[in-house]
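Student: I would like to learn how to read helix packing and surface patches. Can we work through an example?

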Amino acid sequence: EPKRYIGYIIISMIPAAFLGVFFDDVIDNIFNRNLLLVGAMLAVTGVLLLFADRKYEGNKPVNASNAFITGLAQAFAILPGVSRSGATISTALMLGMNREEAAGFSFLMVIPLIFGKIAKDLVDGSFFEHIPSVQYALIGFAAAFISGLIACTWMIQLVKRTGLKYFGIYCFIVSTLLLIYSFSN
């Protein structure tokens with residue numbers, strides 16, 4: 001079963017990897033500093049979280065088709081303001097997974113994409129553009145990895161216990177603030 005699960009993670013990467021490889025610069029240029037878009041997408045995330053929290057949860061295991069569909073949600077989260085974990089966990093719940101498996105799969109499916117992005121940036125030379133030395137990069141990576149593990153463990157337990165409604169409410173609050181700020185400037 002671990003080999004099959006790794007296969008599902010690879011399947012889930014396909015949509016986001018495709019966008020990242022072929023449209024990374026386009027995405028960066030179109031959505032750069034667009035607070036109105038970020039606010040709107042946070043509202044979309046809030047709706048998705050609240051909807052998934054109220055309507056769905058099952059005991060279906062991860063399979064190839066729901067891994068790919070969850071991967072499409074991850075690709076959608078390339079839009080600024082869309083929560084990657086919120087989109088993927090909500091999608092997995094709507095596909096019938098239970099909360100713990102949905103949250104765990106969501107956090108595992110991003111790991112290869114992170115390493116893929118690092119590899120892409122290393123190859124094209126942009127990785128060290130804003131980093132003074134390899135030492136700083138390694139320290140930053142270690143700190144992010146450790147804090148990420150702690151945050152993921154905490155987040156999985158939180159989603160399992162309380163659901164997604166509080167994250168949805170948070171998205172609406174931040175969305176409202178960003179939209180007010182955007183329209184006032």
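The dialogue below takes up a pair of helices and then a surface patch.

Tutor: Keep in mind that this is a predicted model.

Student: How are two packed helices described?

Tutor: Two packed helices are described by the angle between their axes and by the distance between those axes. Here, helix H6 (residues 134-162) packs with helix H7 (residues 165-184) at about 105 degrees, and their axes are 9 Å apart. Angles of 65 to 115 degrees count as roughly perpendicular, so H6 is roughly perpendicular to H7.

Student: Which residues in H6 and H7 meet?

Tutor: H6 brings Met155, Leu158, Val159 and Thr162, while H7 brings Lys165, Tyr166 and Phe167. Of the residues in this contact, five are nonpolar, one is polar and one is charged.

Student: Which residues form the nonpolar patch on the surface?

Tutor: The patch consists of Leu108, Ile111, Phe115, Phe141, Phe145, Ile146, Leu149 and Ile150, and together they have about 760 Å² of accessible area. Helix H5 (99-124) and H6 each give two or more residues to the patch.

Student: Which helix gives the most to the nonpolar patch?

Tutor: H6 does, with five residues. Ile150, for one, lies in H6.

How values were computed
Residues are numbered from 1 along each chain as its sequence is written. This is a predicted model: local features need pLDDT of at least 70, side-chain atom pairs count only at pLDDT 80 or more; totals for chains, interfaces and linings use all residues. Side-chain values use heavy atoms; hydrogens and water are left out. Axes are lines fitted to C-alpha atoms, for helices over the stretch in contact, and angles run from 0 to 180 degrees between N-to-C directions. Helices (H or I, at least four residues) and strands (E, at least two) are DSSP runs, numbered from the N terminus. Angles under 35 degrees count as roughly parallel, over 145 as roughly antiparallel, 65 to 115 as roughly perpendicular and the rest as oblique. Contact means heavy atoms within 4.5 Å. Ala, Val, Leu, Ile, Met, Phe, Trp, Tyr, Cys and Pro count as nonpolar, Asp, Glu, Lys and Arg as charged, and the others, Gly among them, as polar. Patches are made of residues with over 30% relative accessible area and no salt bridge: like charges are joined within 9 Å, nonpolar side chains (Val, Leu, Ile, Met, Phe, Trp, Tyr) within 5 Å. Accessible areas come from the Shrake-Rupley method with a 1.4 Å probe; for residues, only the protein chains shown count as cover. A salt bridge is a side-chain nitrogen of Lys or Arg within 4 Å of a carboxyl oxygen of Asp or Glu.
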